[in-house]
Amino acid sequence: MKKFCLKIAILLFFISIRFFYTAYIDTYNVFHPYNVRFTEAEPNKNFIKTKYVVENKDKFNAFVLGSSRVSYIPIDFLPKFFDGEPLNWYNMTYSEGIPEENFLTLKTFVEKGVDVKMILMAFDSIAMYANYTDHQHQFLRMSYQEYEKNPLKYYTQYLMPIPDFSIATQIVRYSKKENIERSKWFYEYGTNIQDFEVNLEEKTDLSRYETISFDYSETESWKCLQAIKNYCDEKNIELVLVTNPMYITNYKISVEKGYFDFLEKVAGCCEFYNFSCLSKYTTIPNYFHEFSHYKSFVGLEMTKILFGTEAEKKDAKQRAVLNSDDSDLFGMKVTRENYNIVKQRLIRQLEFYDMEAAVSKYNH
Amino acid sequence: MNFISLQFLLFFTIVCVLYYLIQHYCFREKLSQLLLLGASLCFYCFASIKFLPFLIFSFAVTFVFGHLVKKIKSLFIAAMIIDVLPLLFFKYVNFIISPFTSEKLPLILPLGISFITFQSLSYLADVRNGKIAVEKDPVSIFLFVSFFPVVSSGPIQRAENLIPQLKQKHLFEYNHATDGMKLFIWGLAKKVIIANSLASYVDEIYKIPSEAHGPALLLATFLYSFQIYCDFSGYSDMAIGVSKFLGFDVGKNFDHPYLSNSCGEFWKRWHISLSSWLRDYVYIPLGGSRVPVPRIYLNLIMTFLVSGIWHGAAWTFVVWGLIHGIYQCTGRLLKSINEKLPSALRIFITFCLISFAWIFFRVESLNDGLIIAKKIFCSPIEASKSLIELRPEIGTKAAVKLLFDLDVVDGYKQMSYIILKLLCFVFIDILSARKDGLSRINSMPVILRWIIYVIFLNVIVSNLLAESANSISTNFIYNNF
């Protein structure tokens, strides 16, 4: 019996080595929520950021919500005060963050005692195809709320995949010192180090701006936006809802797949500021990192339109303008009442835009 | 309680510790039996406490009629009818009333009802025939019908094998324990690594057969043959392993069935405890082979019809049984021709015939079975026609992907992974047919053996975690019977 028990113990030890290894390499960083390691694999930011906020509940009271596209909104240029109270912003965005998850995040914050004063939330066509159920099968996106339901199950799922060799090598060689600044930005602001430089002379690789055609399906996510609005009204939270600027290739596909219908449903229940239109920024590739993510400069211009003085707003809109007819379209407030007019203008804008000429212009 | 669950792991650890403490320090036959009986009842009630009355009924019938049949042999028919009544009621009443009403009675099949009933019947028949002495101890009988390692899906036990073991002292033996563990893990691997991944393709293709392509149905049918083999033999290995760990030998249930040279041989290697039961308690009492030839064929067909009906109350199972009956008759008729063929060809033909029969075992309705059979027979024409048409447009790779409906498993990569796992299993299965798998692994050098254990267990645990994350069921196919 002793021999048997000893051998079982040895066997269990050997088996557990693989799990210790997986937890140590921790491709998605869920076992190291306070020590984010930047490798080529994106960490599960939904989990890490939510956990960080709820465990530091007095540190932040204003949040940027949305997908990773919104991660380039500069926190420093967002309002510092609301109703006379200071605001401490945190960028709670992550890959394919969708309204349903954002709603859960917001509720988690409030339920855990975070005193949320203001929300800046951006959405776009991602809300039309990404969904919560699919995300719960993706290590990169499994939500914090699933962890709360069953922490043991949540962690065991992350013990399952054997880490890629390249990630393992990066983790072994990872230097905390070299990434101290990046790590600080991640925890202090929830975002990357901001760089507002845009070099229009810089040559761009246009292949990175070709959009993948997504499988769009009927979505109910506009109802989640309505739920967020109702929740914010109930909890006295100031909500600023905006759509993201989308690079023209991405924007056109989204429109073909019914983006305007989706926006109509949203406009039927909440007001929002629309940045999804053709503008100088969405037609020149240099303002985007690739087809999906706009640069911090664009984010900065958006904050000026949303929170700047009247003069700043006017200037920012003027800078974004593509032609004189559309001078107010970038960042225009959309309501149930004016949606149809806005939609007609957006359609006309697309009809008259000479895509081929633009492409040849920027095809360096 | 599913063998593949943390509850079972905990339950079995506690039972083992208590069991061996009793065996080593205070052995009393009754105490040991009572512990096993308590464990068996817990195991049974874990499925649902509502099933307990059936188990008690089955025990009472076995015990009481065992004594009565010993004295009055003519009571055997009455005992048999009473013993089979719950099975008839729970399993077949909806099937029997289906021609008269579309409404079904909301009946839940008690765990292991078919296995328990057959075990009880074999005891009564053996007592009647004087093959075994009547068992006077009710605890032994109760334990015989409810012994937890085999209660849910066999192997079906004979009283002459199990009851004497229940009375023996089983001291902890290192070799028994490790062999039991190895068998359990091997069974677990078959279920978790092979059967479940095959199911991901087969289930999708068989869901709506009319929408699947012929080649896909053909592939799914062959894969199902392996799925059900790995699923059921995996379960059996786990049950045998658990019994072995406790010092019990519950017999073999599978012996490389797909290496059979004929359908007759297949049934000597597949679900051995059921086929030997049918041979001893249905085929031989009907006259077996000691009757005129036409009667032999009738007996064979009758026996396989019973087998089909035992598996489930549906016409699909009746057809499955009938097909096997016909295979047996044809096999007898063509025996001399079959024996002249090369062994590999005979194995292949047998495998194809068995796989064809599985179609009717797997489908939801006879109509689905006919659709699949028709599509499979037309699949070579469909495949060549479609390839000619589609290849210029979308290329060979995409055309093949389309014909085999590989999208249901995320394309080529996942399917190659499934096939690779299956090939590894087939290789090991062939190796273990030549020399018993346990002796083969036990004769390996220690370091190599341990490397295999660690890698193998890691793969199993990873698969288990993945399946649990994706909510893939770990239920066994034969738990439904």
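The model is predicted, and the values reported here are computed from it. Along helix 13 of chain B, the buried residues are B:Ile296, B:Asn299, B:Leu300, B:Thr303, B:Phe304, B:Ser307, B:Gly308, B:Trp310 and B:His311. These buried residues are covered by parts of chain B that include helix 4 (75-97), helix 5 (113-128), helix 11 (263-269), helix 12 (272-283), helix 14 (315-333) and helix 16 (343-362).

The interface between the two chains was examined next. In chain B, 19 residues are in contact with 16 residues of chain A. The size of an interface is often given as the accessible area lost when the parts come together. Between them, chain B and chain A bury about 1700 Å², and 77% of this area is on carbon and sulfur atoms. Of the area that chain B buries against chain A, 33% is supplied by B:Tyr174, B:Trp450 and B:Leu465, more than by any other three residues. Two helices of chain B, helix 9 (174-207) and helix 21 (446-469), each supply at least two residues of the side that touches chain A. Helix 21 of chain B gives the most to this side, with 11 residues. Sorted by class, the side of chain B that touches chain A holds 14 nonpolar residues, 5 polar residues and no charged residues. Between chain B and chain A there are 0 salt bridges. Polar contacts join 2 residue pairs across the interface of chain B and chain A, both at pLDDT 80 or more.

Over all chains, the structure holds 28 salt bridges. In chain A, A:Arg345 forms a salt bridge with A:Asp328, and the closest N and O atoms are 2.7 Å apart. This pair links distant parts of the chain, 17 residues apart: A:Arg345 is in helix 16 (residues 339-352) of chain A, and A:Asp328 is in the loop between helix 15 (310-320) and strand 8 (332-334) of chain A. A:Arg345 has a relative accessibility of 16% and therefore counts as buried, whereas A:Asp328, at 29%, counts as partly exposed. Also in chain A, a network of salt bridges links A:Glu85, A:Asp115 and A:Lys117.

In chain B, the side chains of B:Lys30 and B:Asp137 meet in a salt bridge of 2.9 Å, N to O. Distant parts of the chain are linked by this pair, 107 residues apart, with B:Lys30 in helix 2 of chain B and B:Asp137 in the loop between helix 5 and helix 6 (138-146) of chain B. B:Lys30 is partly exposed, with a relative accessible area of 36%, while B:Asp137 is buried, with a relative accessible area of 13%. A salt bridge is also formed by the side chains of B:Lys131 and B:Glu160 (3.6 Å, N to O).

Two buried residues were examined individually. B:Ser32 lies in helix 2 (residues 29-47) of chain B and has a relative accessible area of 2%, so B:Ser32 is buried. The side chain of B:Ser32 is joined to that of B:Gln23 by a polar contact of 2.8 Å. Leaving aside residues up to four places away in sequence, B:Ser32 touches B:Tyr19, B:Ile22, B:Gln23 and B:Phe27.

In chain A, A:Lys295 is placed in the loop between helix 13 (280-283) and helix 14 (296-307). Its relative accessible area is 13%, so A:Lys295 is buried. When residues up to four places away in sequence are not counted, A:Lys295 touches A:Tyr72, A:Val198, A:Glu202, A:Asn286, A:Tyr287, A:Phe288 and A:His289. A:Lys295 and A:Phe196 are 99 residues apart in sequence, while their C-alpha atoms are 7.4 Å apart in space.

How values were computed. Residues are numbered from 1 along each chain as its sequence is written. Chains are lettered from A and ligands numbered from 1 in the order in which they are written. This is a predicted model: local features need pLDDT of at least 70, side-chain atom pairs count only at pLDDT 80 or more; totals for chains, interfaces and linings use all residues. Side-chain values use heavy atoms; hydrogens and water are left out. Contact means heavy atoms within 4.5 Å. Buried area is the accessible area (1.4 Å probe) that two parts lose on being put together, summed over both. A salt bridge is a side-chain nitrogen of Lys or Arg within 4 Å of a carboxyl oxygen of Asp or Glu. A polar contact is a pair of N or O atoms within 3.5 Å; within protein, one must be able to donate a hydrogen and the other to accept it, and residues adjacent in sequence count only if both atoms are side-chain atoms. Helices (H or I, at least four residues) and strands (E, at least two) are DSSP runs, numbered from the N terminus. Ala, Val, Leu, Ile, Met, Phe, Trp, Tyr, Cys and Pro count as nonpolar, Asp, Glu, Lys and Arg as charged, and the others, Gly among them, as polar. Buried means under 20% relative accessible area, exposed over 50%, partly exposed in between (1.4 Å probe, protein chains only).
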